[in-house]
Amino acid sequence: EELLAATGADLAGVHAADLALSTANGAVPIYVDGGRIFNPGSYFEFYGQGLDTLYTDSNVYRLEVNGAAALKMAVDQTRMARKVRPASYYMETVAVEHNNKYGYLATNGDPWYDTLMYTTTGLQFTRDDLVVDNYVDAAPSTLIAEMWGMTDLANPIKHHVQLDFNGQPVADTYFVGQAVETVNEQVPAGSVQEGVNTVTFTIPNDEGGEYDIVALEMYGLTYPRAFVARDGQLDFSGTADAFRVTDLDSNQIVAYRVDGDMPIRLSRIKVVSRNGAYTATFAGSQGEASYYVSTEAALAAPEMALS
């Protein structure tokens, strides 16, 4: 309430049930804390989503006093069953996508790409910036990459790209002309290492062309990771009877589950202190869902302005 008042929107005394939040796509559910009347010390939470466009990721949310348009956040009060073992890992995807160059000929819908791999005699291009943390050797890991051809001649050139992960071959792919090529291949067992991992792209130019030109869009790794918070937060997807998130720096913890597009606030969170940090344990759901766990201090706050 204090942050709103500082912008000139003093909502003290308003019935909490009359607070309505919306975007251009419609009503957004909110969770209001502080009693039936919105007063100093009261606050509300919502599941915010940025836009996914070429030009901005900022989204606009409108708050108004309009009980007819208000949408209340669903709250899950499910208690975690006794003697349930929480999941030991989830599948994390770390992606490297540098928007270094602009190409109006891009065929993947995104003109911004990482780099141009051009060769007449053969090229080996190595990147040492794929960082893995809290790796758990419990499931196969997958190398992902996207690239597209930069040539579209009368007789289209066949592109040939080989991918290695930490010095071990993973993929050997061919594609023609300006086609978009996506790689999704398991890496050899035992090849993932904690910390920096290396991805090497080799273009042998052995298909009879005078040259080969390929635009690199992104690359990354999907790997099993322990439920360890980063900077007071952890986002993950999974299916399990229970989850346990460690290394949180406060006992004031908020958790949400998102089933499809529907956010649900989790109210039954067991918090314990371990080795100077906090661990949060809570019930999962029967189906695949996304989870967002955060300390209150690490929650994002929107920029606010009167309209």
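A salt bridge is here a side-chain nitrogen of Lys or Arg within 4 Å of a carboxyl oxygen of Asp or Glu, and the structure, a predicted model, holds seven of them. Residues are numbered from 1 along each chain as its sequence is written, and side-chain values use heavy atoms, with hydrogens and water left out. Local features need pLDDT of at least 70 and side-chain atom pairs count only at pLDDT 80 or more, whereas totals for chains, interfaces and linings use all residues.

**Figure 1. Overview of the protein, with one helix and 26 strands.** Helices (H or I, at least four residues) and strands (E, at least two) are DSSP runs, numbered from the N terminus. The C-alpha trace spans about 75 × 50 × 30 Å along its principal axes, and buried residues (under 20% relative accessible area, with exposed meaning over 50% and partly exposed in between, for a 1.4 Å probe and protein chains only) make up 40% of the 307 residues. Of the contacts (heavy atoms within 4.5 Å) between residues at least 6 apart in sequence, 72% join residues at least 24 apart. The accessible surface, from the Shrake-Rupley method with a 1.4 Å probe, comes to about 16700 Å², and 47% of this surface belongs to carbon and sulfur atoms.

**Figure 2. The salt bridge between Arg 265 and Glu 45.** The closest N and O atoms of Arg 265 and Glu 45 are 2.8 Å apart. This pair links distant parts of the chain, since Arg 265 belongs to strand E23 (residues 262-266) and Glu 45 to strand E6 (residues 43-45), 220 residues apart. Both Arg 265 and Glu 45 are buried.

**Figure 3. The salt bridge between Asp 133 and Arg 225, and the network around this pair.** The side chains of Asp 133 and Arg 225 meet at 2.7 Å, N to O. Asp 133 lies in the loop between E13 and E14 and Arg 225 in strand E19, so the pair ties together parts that are 92 residues apart in sequence. Arg 225 counts as buried because its relative accessibility is 0%. Glu 92, Asp 133, Arg 225 and Arg 230 are linked in a network of salt bridges.

**Figure 4. The salt bridge between Asp 259 and Arg 257.** Here the closest N and O atoms are 3.0 Å apart. Asp 259 counts as partly exposed, at 29% relative accessibility, whereas Arg 257 counts as buried, at 7%.

Figure 5. Ser 141 is buried because its relative accessible area is 3%. Not counting residues up to four places away in sequence, Ser 141 touches Tyr 135, Glu 185, Gln 186, Val 187, Val 192, Leu 221, Thr 222, Tyr 223 and Pro 224.

Figure 6. With 12% relative accessibility, Ala 229 counts as buried. When its neighbours within four places in sequence are left aside, Ala 229 is in contact with Leu 234, Val 245, Thr 246, Asp 247 and Leu 248. Met 218 is eleven residues from Ala 229 along the chain, and the C-alpha atoms of the two are separated by 25 Å.

**Figure 7. A nonpolar surface patch formed by Tyr 102, Tyr 104, Leu 105 and Trp 112.** Such patches are made of residues with over 30% relative accessible area and no salt bridge, nonpolar side chains (Val, Leu, Ile, Met, Phe, Trp, Tyr) being joined within 5 Å and like charges within 9 Å. Together the four residues have about 500 Å² of accessible area. Leu 105, in the loop between strand E10 (101-102) and strand E11 (112-113), counts as partly exposed at 39% relative accessibility.

**Figure 8. Loop positions of Val 60, Lys 83 and Asn 275.** Val 60 lies in the loop between E6 and strand E7 (62-65) and counts as exposed at 64% relative accessibility; apart from neighbours within four places in sequence, Val 60 is in contact with Ser 22 and Thr 23. Lys 83, in the loop between strand E8 (74-76) and strand E9 (90-96), has a positive phi of about 60° although it is not a glycine, and counts as exposed at 90% relative accessibility. Asn 275, in the loop between strand E24 (270-274) and strand E25 (277-283), likewise has a positive phi, of about 55°, without being a glycine, and is exposed with a relative accessible area of 85%.
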